[in-house]
Amino acid sequence: WWPQEQPWRPCHEGSAVLGEGAATRRRLLLSEAVWAALLRNRTVELGDLVNYAAQKPPEVEGLETCHSRTSGAKEAPEFGGVLVSQTEQRVWLAGLISEKGLMLLATGDVLVRFGESVASGGLTRAADDE
């Protein structure tokens, strides 16, 4: 089920380290609304993802880092692993961009815990950390 042409797959354990600066490509920052929808549904359709990135201001930042280095910017991002976070969070989750769209690799209890933490404000970034 994983795209053969893109063998890189982030694991949840390494997502935090990669997301906070070790990785400079294939990182998406989502608005609060898109993040909440992704946690709730586990997916965002590809067309919606592209549209969110094209909005001013963008609801999805970093989609351009998911394009092929050789082909440059194009309509849809290159399929494969991606790191995903909410703009105001320090939490990074592993995901996959495919022909269906963006899918979180986390399931079940992990998503419930993240959703509850986001709703309660437990994962927000402290102002003095920025």
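These legends describe close-up views of one predicted model. Residues are numbered from 1 along each chain as its sequence is written, and side-chain values use heavy atoms, with hydrogens and water left out. Local features need pLDDT of at least 70, side-chain atom pairs count only at pLDDT 80 or more, and totals for chains, interfaces and linings use all residues.

**View 1. Confidence along the chain.** pLDDT is the predictor's confidence in each residue, from 0 to 100. Its mean over the chain is 77. A pLDDT of 70 or more is reached by 67% of the residues. Residues 123-130 have a pLDDT below 50. This stretch still makes 15 contacts beyond near neighbours in sequence; contact means heavy atoms within 4.5 Å. Where pLDDT is low, the predicted coordinates should not be read in detail.

**View 2. The open sheet.** Helices (H or I, at least four residues) and strands (E, at least two) are DSSP runs, numbered from the N terminus. 6 strands form an open sheet, in the order S2-S6-S5-S4-S1-S3, with mixed pairing. Two strands pair if DSSP finds at least two bridges between them. S2 and S3 are the edge strands, each pairing on one side only. S4 and S5 run antiparallel, joined by 5 bridges. Leu83 stands opposite Ala94 in S5.

View 3. H2 spans residues 32-41. Its buried residues (under 20% relative accessible area, 1.4 Å probe, protein chains only; exposed is over 50%, partly exposed in between) are Val34, Trp35, Ala37, Leu38 and Leu39. H2 lies across S1, S2, S3, S4, S5 and S6. It runs at about 120° to S4; axes are lines fitted to C-alpha atoms, for helices over the stretch in contact, and angles run from 0 to 180 degrees between N-to-C directions. Arg42 follows H2 and has a positive phi, near 70°.

**View 4. One face of helix H3.** Leu46, Leu49 and Val50 are buried in H3, residues 46-54. Seen down the helix axis, the buried residues fall within an arc of 95°, so they line one face of H3. The arc is that of the directions from the helix axis to the C-beta atoms. Their cover includes S2, S3, S5 and S6.

**View 5. Thr65 in its loop.** Thr65 sits between strand S3 (60-61) and strand S4 (80-86). Thr65 counts as buried because its relative accessibility is 19%. Its side chain reaches the backbone nitrogen of Arg27 at 3.5 Å. Beyond neighbours within four places in sequence, Thr65 is in contact with Thr24, Arg25, Arg26 and Arg27.

Conventions. A polar contact is a pair of N or O atoms within 3.5 Å; within protein, one must be able to donate a hydrogen and the other to accept it, and residues adjacent in sequence count only if both atoms are side-chain atoms.
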